[in-house]
Amino acid sequence: MELGIKEAINDASPTISPSIVTLEHPILRSEWAEDPPVAGVGRVKIAFVGHARQAKGFDVFVQLAGCCSRNDIEFHAIGHSSPETDHLDTSALTRKPSKTPLPREEYLAALEEVDLVCLPLHSRAYDFTGSGTVSDAIASLKPMIVIRNRTIEAVFDHYGPIGWLADGRDDLFELVRTLDPTEFSRQRSSWIGNLRAIREARRPETLAASYAASISMTERA
């Protein structure tokens, strides 16, 4: 389970809460990106990551690009296209979804080239499930701009900020519309420091001890 999911389950069914153990998702060392270069003030590349489906908010991302495109911001879609969103006007995207599935190596290389990962889903989308996009952003040390949800709030609370939290669709659009590359550059090093701490904490060998302890407690019960 991801951080924050236990609290969501407790709200829905308080009686099973004592039986829930939160175990953070591991992040494989083999997928860690090299340390990103120091960002200068300039064009900020914002990426949608993963399958370009409505369920992941790709339609919102396309609208975001159309409304908030500027000379100092680019919008990239890193992942596979979807028939359900092929009709969308993606002309505002610098990089468009691939018509064929991206090999993992190409996907990770494209992720290394952007500055911010955008997660435009409705806040309840991740109440009961973890996000592969968040794990990939952590592995690649990419700050995020994300609509507030329980899991990402729990990550922020535990490790510190790793980007900007939006309070809904309108706030997301306003954050991007008013994004200041100079301010982003100023905050980026702090966010990357927190991302690096998460990455270290989620090494499989680091998590193994807590996993083993949880299994031992279950067996004794």
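Me: Contact means heavy atoms within 4.5 Å. With that cut-off, which residues in helix H2 meet which residues in helix H6?

Reply: This is a predicted model, in which local features need pLDDT of at least 70 and side-chain atom pairs count only at pLDDT 80 or more, while totals for chains, interfaces and linings use all residues. Residues are numbered from 1 along each chain as its sequence is written, and side-chain values use heavy atoms, with hydrogens and water left out. From H2, the residues are Val60, Gln63, Leu64, Cys67 and Cys68; they meet Arg169, Leu172, Phe173, Val176 and Arg177 in H6. By class, the contact residues are seven nonpolar, one polar and two charged (nonpolar: Ala, Val, Leu, Ile, Met, Phe, Trp, Tyr, Cys and Pro; charged: Asp, Glu, Lys and Arg; polar: the others, Gly among them).

Me: At what angle do H2 and H6 pack, and how far apart are their axes?

Reply: Two packed helices are described by the angle between their axes and the distance between the axes. Here H2 spans residues 58-68 and H6 residues 169-177; the angle is about 40° and the axes are 10 Å apart. Helices (H or I, at least four residues) and strands (E, at least two) are DSSP runs numbered from the N terminus. Axes are lines fitted to C-alpha atoms, for helices over the stretch in contact, with angles from 0 to 180 degrees between N-to-C directions.

Me: In what order do the strands of the sheet lie, and what is the sense of the pairing?

Reply: Strands of a sheet pair through backbone hydrogen bonds, either parallel or antiparallel. This open sheet has five strands, ordered S2-S1-S3-S4-S5, with parallel pairing (at least two DSSP bridges between two strands). S2 (73-78) and S5 (163-166) are the edge strands, each pairing on one side only. Direction ignored, neighbouring strands are turned by 20° against each other on average. H6 packs on this sheet and touches S1, S2, S3, S4 and S5, its direction making about 140° with that of S5. Helix H7 (residues 181-201) also packs on the sheet, touching S1, S3 and S5, at about 110° to the direction of S5.

Me: Which way do the residues of S3 point, and are they buried or exposed?

Reply: In S3 (residues 116-119), Leu116 and Cys118 point one way and Val117 and Leu119 the other, and all are buried (buried is under 20% relative accessible area, exposed over 50%, partly exposed in between; 1.4 Å probe, protein chains only). S3 pairs with S1 (residues 44-49) over three parallel bridges, and Ala47 stands opposite Val117. Three bridges also join S3 to S4 (residues 144-147), again parallel; there, Ile145 is the bridge partner of Cys118.

Me: Where does Pro161 lie, and which residues does Pro161 touch?

Reply: Pro161 is in the loop between H5 and S5. With a relative accessible area of 42%, Pro161 is partly exposed. Not counting residues up to four places away in sequence, Pro161 touches Phe156, Trp191 and Asn194. Pro143 is 18 residues from Pro161 in sequence, and their C-alpha atoms are 8.9 Å apart. In H5 (residues 150-159), the buried residues are Thr151, Ile152, Ala154, Val155, Phe156 and Tyr159. Gly160 follows H5 and has a positive phi, near 100°.

Me: Is Asn194 buried or exposed?

Reply: Asn194, in helix H7, is buried, with a relative accessible area of 17%. Leaving aside neighbours within four places in sequence, Asn194 is in contact with Tyr159, Gly160, Pro161 and Ile162.
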